[in-house]
Protein chains: 2
Amino acid sequence: MAVYTQVSADELAAFLSGYDIGAAISFKGIAEGVENSNYLLETTTGRFILTLYEKRVAAGDLPLFLAFIGHLAAKGLPVPGPVADRQGRTLQVLNGRPACLIEFAPGVSVTEATPAAAQEVGVALGRLHQAADDFTAERPNALGPASWAPLAARCANPDGSSRLGEIDAALPGLVAAGLAAAADWPAGLPVTTIHADLFPDNVLLLDGKVTALIDFYFACTDLRAYDVAVTHAAWCFSHDGRQFFPERAAALMQGYGAVVDLTAAERAALPRLAAGAALRFTLTRAYDWINTPADALVTRKDPMAFARRLGWYLAATPEMMDGEMMGG
Amino acid sequence: MAVYTQVSADELAAFLSGYDIGAAISFKGIAEGVENSNYLLETTTGRFILTLYEKRVAAGDLPLFLAFIGHLAAKGLPVPGPVADRQGRTLQVLNGRPACLIEFAPGVSVTEATPAAAQEVGVALGRLHQAADDFTAERPNALGPASWAPLAARCANPDGSSRLGEIDAALPGLVAAGLAAAADWPAGLPVTTIHADLFPDNVLLLDGKVTALIDFYFACTDLRAYDVAVTHAAWCFSHDGRQFFPERAAALMQGYGAVVDLTAAERAALPRLAAGAALRFTLTRAYDWINTPADALVTRKDPMAFARRLGWYLAATPEMMDGEMMGG
């Protein structure tokens, strides 16, 4: 939501001299991505996003992220690919930060997901998993199930007493229930490279079609169905998590299912995986909430929005994940 | 440097339905302008900046600002003009904020001003003052000389003791000298509508030519030569104010002088006016410095960068303003 590292006109010109993409016509810092500094760059040959990776992205992971989006772009997915300089390099250093030029893609993120958009996203996620099949590099999920209990423990005072209850009286109990459920994590399900953060603001659409999947900086090697679960949690509820929209869920699962045939074991595991996904976002938001001053310019995201989803998933059946309503 | 008010895709579509400019193709919050929320919008017919005015801009002043930039754009100046909706209105309300669509202009702001750029800016400022001649609406300069002593007094503890010395030991003395000089403010000089904030980040250039003057949200009715003085202070020093660049000053004054013939009284008053301009930015920066937490995400601008300019101007002659060196 901010530009942390400034790039001057002179620094930009020096940077672009290594590329065959012409000279800058326009260059504006954009408020996109919580983690990095991003600029929208127009040159005499086209438009690009220049990303400078800030501290929260481990520099050692960047080659894998860029290789993955390059892999997906080369397979024709709607993924803006990294742009190579004259020497074939995509990863650079600019003003002391790792940096990369990425193709610009048109499109606008939806705020209120329609079932039609959810279906398109399901199709796009299925195609992503298909295309990831022969991507062989691996990266463990640093925010996977093993990280959740330690992360919950860090939402605490120096004496170890939990601060989750400061956020909401219901939060400690929901987190405890989520951790208990995650202790029985599904094993033996298909693994691939997943996006792991396919929220509406990481999807651009135009005329109802997905034009870009972006922000692959949580990509990792993990359960394919966990990625479906993350996307389900991100797309199928009201922002505050109070309302589940079965028609969006039905559309998302139908779209994904048109490309990837989930196994019976994956379908059975989906509520548990989605509870885990909701727990993951509850905990990272709670941690950020506790560690962000209330008067900071960054907007704190409400952990309860995902704690409510967690509660819903803990009580969900596989059929409910598909949008089938109870007592209908 | 941030987007304070979010605009969703649905809210944008509803907003655009009042205009004849097509549908959104791309929409990105941009980190431009300290005061407002700005989005770069591309539609099926063109590109625009959508600005939502935040609290620091008085809503009552907006009709004048928009009328002034419309006036300048209509006269062919490189000023992106406001775009009217189907009913001819430029000023709107969006998400509870006053809002306006403004034409997009290409170009990049310089970070290190060259003499060539300073000359172009001088020409552009002269043309701006020419074009402002028949703009009759008036707005007092809320940050003019009468405001400086009260503003300095507000850089204080609750008991009235000054906090300027916390910033730099030299600051209280420089401010006192600046206030004393400003008490003898030039009278009877030509008045027009001025930009009053023509810093390098408010000027876009492309291939060495000015493509846009932007951010007219300090525009006011004041001395024409004071605008020259502000621009001089903004363009003719190193960022930290430690170094004066006579060749930039010569170029700026030559460019301006090619369009507007300053009177002898204006030329004589320039050092005093520029000391006032430097004092104005010293004080607003000092006030913001004292009132911004050190750990806030906004970068605090160093008041000393302009206090050093203030010291230079207090000792300057009219000839030095033109870049003539002493003892040459």
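Visitor: Which residues of helix 10 of chain B are buried?

Guide: Happy to start there, and please keep in mind that this is a predicted model. Helix 10 of chain B covers residues 304-314. An α-helix has 3.6 residues a turn, so residues three or four places apart point the same way. The buried residues here are B:Met304, B:Ala305, B:Phe306, B:Ala307, B:Arg309, B:Leu310 and B:Tyr313.

Visitor: Against which helices do the buried residues of helix 10 of chain B pack?

Guide: The partners belong to chain B. Listed with their residue ranges, they are helix 6 (171-182), helix 7 (224-235), helix 9 (264-291) and helix 11 (318-321).

Visitor: Let's go to the interface. How much area do chain A and chain B bury between them?

Guide: The size of an interface is often given as the accessible area lost when the parts come together. The contact draws 34 residues from chain A and 34 residues from chain B. Carbon and sulfur atoms hold 62% of the buried area, and the total is about 2600 Å².

Visitor: Which salt bridge partner does B:Arg47 have in chain A?

Guide: Between chain A and chain B the count is two salt bridges. In one of them, the side chain of B:Arg47 comes to 2.7 Å, N to O, from its partner. That partner is A:Glu42.

Visitor: How many residue pairs are in polar contact across the interface, and which element of chain A gives the most to the side that touches chain B?

Guide: The polar contacts across the interface amount to eight residue pairs. On the side of chain A that touches chain B, helix 1 (9-16), strand 1 (24-30), strand 2 (37-43), strand 3 (47-52) and strand 7 (203-206) each supply at least two residues. By class, that side has 20 nonpolar, seven polar and seven charged residues. The element that gives the most, with seven residues, is strand 1 of chain A.

Visitor: Is A:Thr51 buried or exposed, and which side chain does its own side chain meet in a polar contact?

Guide: A:Thr51 lies in strand 3 of chain A. Its relative accessible area is 4%, so A:Thr51 is buried. Beyond four places in sequence, A:Thr51 touches several residues, including A:Ser37, A:Pro98 and A:Cys100. The polar contact, at 2.6 Å, is with the side chain of A:Asn38.

Visitor: What value is the phi of B:Asp207 near?

Guide: Most residues other than glycine have a negative phi, and most peptide bonds are trans. B:Asp207 has a positive value, and its place is the loop between strand 7 (203-206) and strand 8 (209-213) of chain B. With 75% relative accessibility, B:Asp207 counts as exposed. Its phi is near 50°.

Visitor: How many disulfides does the structure hold, and how far from A:Cys236 is the nearest cysteine sulfur?

Guide: Over all chains, the number of disulfides is zero. A disulfide needs two cysteine sulfur atoms within 2.5 Å, and for A:Cys236 the nearest one belongs to A:Cys220. A:Cys236 counts as buried, at 0% relative accessibility. The distance to the sulfur of A:Cys220 is 20 Å.

How values were computed:
Residues are numbered from 1 along each chain as its sequence is written. Chains are lettered from A and ligands numbered from 1 in the order in which they are written. This is a predicted model: local features need pLDDT of at least 70, side-chain atom pairs count only at pLDDT 80 or more; totals for chains, interfaces and linings use all residues. Side-chain values use heavy atoms; hydrogens and water are left out. Buried means under 20% relative accessible area, exposed over 50%, partly exposed in between (1.4 Å probe, protein chains only). Contact means heavy atoms within 4.5 Å. Buried area is the accessible area (1.4 Å probe) that two parts lose on being put together, summed over both. A salt bridge is a side-chain nitrogen of Lys or Arg within 4 Å of a carboxyl oxygen of Asp or Glu. A polar contact is a pair of N or O atoms within 3.5 Å; within protein, one must be able to donate a hydrogen and the other to accept it, and residues adjacent in sequence count only if both atoms are side-chain atoms. Helices (H or I, at least four residues) and strands (E, at least two) are DSSP runs, numbered from the N terminus. Ala, Val, Leu, Ile, Met, Phe, Trp, Tyr, Cys and Pro count as nonpolar, Asp, Glu, Lys and Arg as charged, and the others, Gly among them, as polar.
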